[in-house]
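Please keep the sequence and the model in view while reading.

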Amino acid sequence: TCLIVVFGEITPQAIFSRFALMLGAKTVWIVKIFIFILYPIAKPIGWILDKALGEELGTVYSKKELLKIVEEHRVAKDSDVDAEEAQIIAGALTFSNKKVKDVMTPRTVVHSLPSDTVVTDTLRHQLAEEGFMRIPIYQSEPDNIIGVVHLSSLMKKGTRGKAVGRFSSKGATFVQENDRLDQTFLSFIKTHRHMHIVKDEFGGVSGVVTLEDIVEEIIQTEIRDETDKVENLRKHARKNGAI
């Protein structure tokens, strides 16, 4: 029994687990011979077992197990999964666990405009300096968002002297604070919008969320362009006591 365990099980398993592909490639011809010889016996037995027990279940891993596998690949020297790829995979597996309120830009640092605001050179310069590409437009009160205007639309000829509401999108898309990020991501794809207005449980506006916010959560990295004045508006608002 000791000889069988040591030389027939433990030692072969240790060798084959370390050099599985190399040894498997060299001994595959032996396996094919046994498949050919034993097929008349194995095929009927397999068919009977499938009928009696059902089809064999595939291996299914939980998210925690997948994250552990990715982490093992990241630290392994012979793995072709680098740190950046592992980070993105981990973000893609976990972003659906978070909610809109975890990544949104809070209302206190959102720049919105009344729909009857007149486009002037001063307004254009101010918006360009602040670095906001998309500005929510409201009517009567800030909680009544009716659309979103893109800064580029206000820079075109013929816009000066006219109300910003004329150049905003037709309607705004709304999400709830407790909506999951994967649902919101699908909403961005379906609506072809890059900004959603976030509402709280009482129907008031609590902030905005952008497609970029969700992408940052997936890749686990802040995305900044040449117009960004603040790296993270949410952290900026928290630092200044706005949230």
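## The sheet

Two strands are said to pair if DSSP finds at least two bridges between them. The model described here is a predicted one, and in it β3 and β4 run antiparallel and are joined by five bridges. Within this pairing, P136 stands opposite V148 in β4. As a general point, the strands of a sheet pair through backbone hydrogen bonds, in either a parallel or an antiparallel way.

How many strands form the open sheet, and in what order? There are three, arranged as β2-β3-β4, and their pairing is mixed. The strands β2 and β4 (145-150) are the edge strands, since each of them pairs on one side only.

## The nonpolar cores

The largest nonpolar core has 11 residues, namely F95, V100, V103, M104, V175, L181, F188, V198, V209, I214 and I218.

One member of the largest core, V209, shows how parts of the chain come together. Leaving aside its neighbours within four places in sequence, V209 is in contact with the core residues V100, V103, M104, V175, F188 and V198, and its contacts also include T184, H194, M195 and H196.

## Helix α6 and its two sides

Helix α6 covers residues 121-130, and in this helix L123, R124 and L127 are buried. Seen down the axis of α6, the buried residues fall within an arc of 100 degrees, so they line one face of the helix. On the other side of α6, T122 and H125 are exposed.

What do the buried residues of α6 pack against? Their partners are the strands β2 (113-114) and β3 (134-138), together with the helix α7 (151-154). Just after α6 comes G131, which takes a positive phi of about 85 degrees.

## Salt bridges

A search of the whole structure finds six salt bridges. In general, side chains of opposite charge can pair when their charged atoms come close. One of these pairs is E71 and R74, whose side chains meet with N and O 2.7 Å apart. Both residues lie in helix α3 (residues 63-75), three residues apart, which is about one turn of the helix. An α-helix has 3.6 residues a turn, so residues three or four places apart point the same way. E71 is partly exposed, with a relative accessible area of 34%, and R74 is likewise partly exposed, at 38%.

E217 forms one with K98, the closest N and O atoms being 2.5 Å apart; E217 is in helix α9 while K98 is in the loop between α4 (83-94) and α5, 119 residues apart. Is E217 buried or exposed? At 15% relative accessibility, E217 counts as buried because buried means under 20%, whereas K98 is partly exposed, with a relative accessible area of 35%. R160 and D121 also meet in a salt bridge, at 2.9 Å from N to O, and this pair joins the loop between α7 and β5 to helix α6 across 39 residues. R160 is exposed, with a relative accessible area of 55%, while D121 is partly exposed, at 42%. D121 and R160 are linked with R124 in a network of salt bridges, and R124 is one of the buried residues of α6.

## Two serines in loops

S169 has its place in the loop between α7 and β5 (174-176), and at 23% relative accessibility it counts as partly exposed. The C-alpha atoms of S169 and H150 are separated by 8.5 Å, although these residues are 19 residues apart along the chain. Leaving aside its neighbours within four places in sequence, S169 is in contact with I146, G147, V148 and R193.

How values were computed
Residues are numbered from 1 along each chain as its sequence is written. This is a predicted model: local features need pLDDT of at least 70, side-chain atom pairs count only at pLDDT 80 or more; totals for chains, interfaces and linings use all residues. Side-chain values use heavy atoms; hydrogens and water are left out. A nonpolar core is a set of buried Ala, Val, Leu, Ile, Met, Phe, Trp, Tyr and Cys residues joined through side-chain atoms within 4.5 Å. Buried means under 20% relative accessible area, exposed over 50%, partly exposed in between (1.4 Å probe, protein chains only). Contact means heavy atoms within 4.5 Å. Helices (H or I, at least four residues) and strands (E, at least two) are DSSP runs, numbered from the N terminus. The arc is that of the directions from the helix axis to the C-beta atoms. A salt bridge is a side-chain nitrogen of Lys or Arg within 4 Å of a carboxyl oxygen of Asp or Glu.
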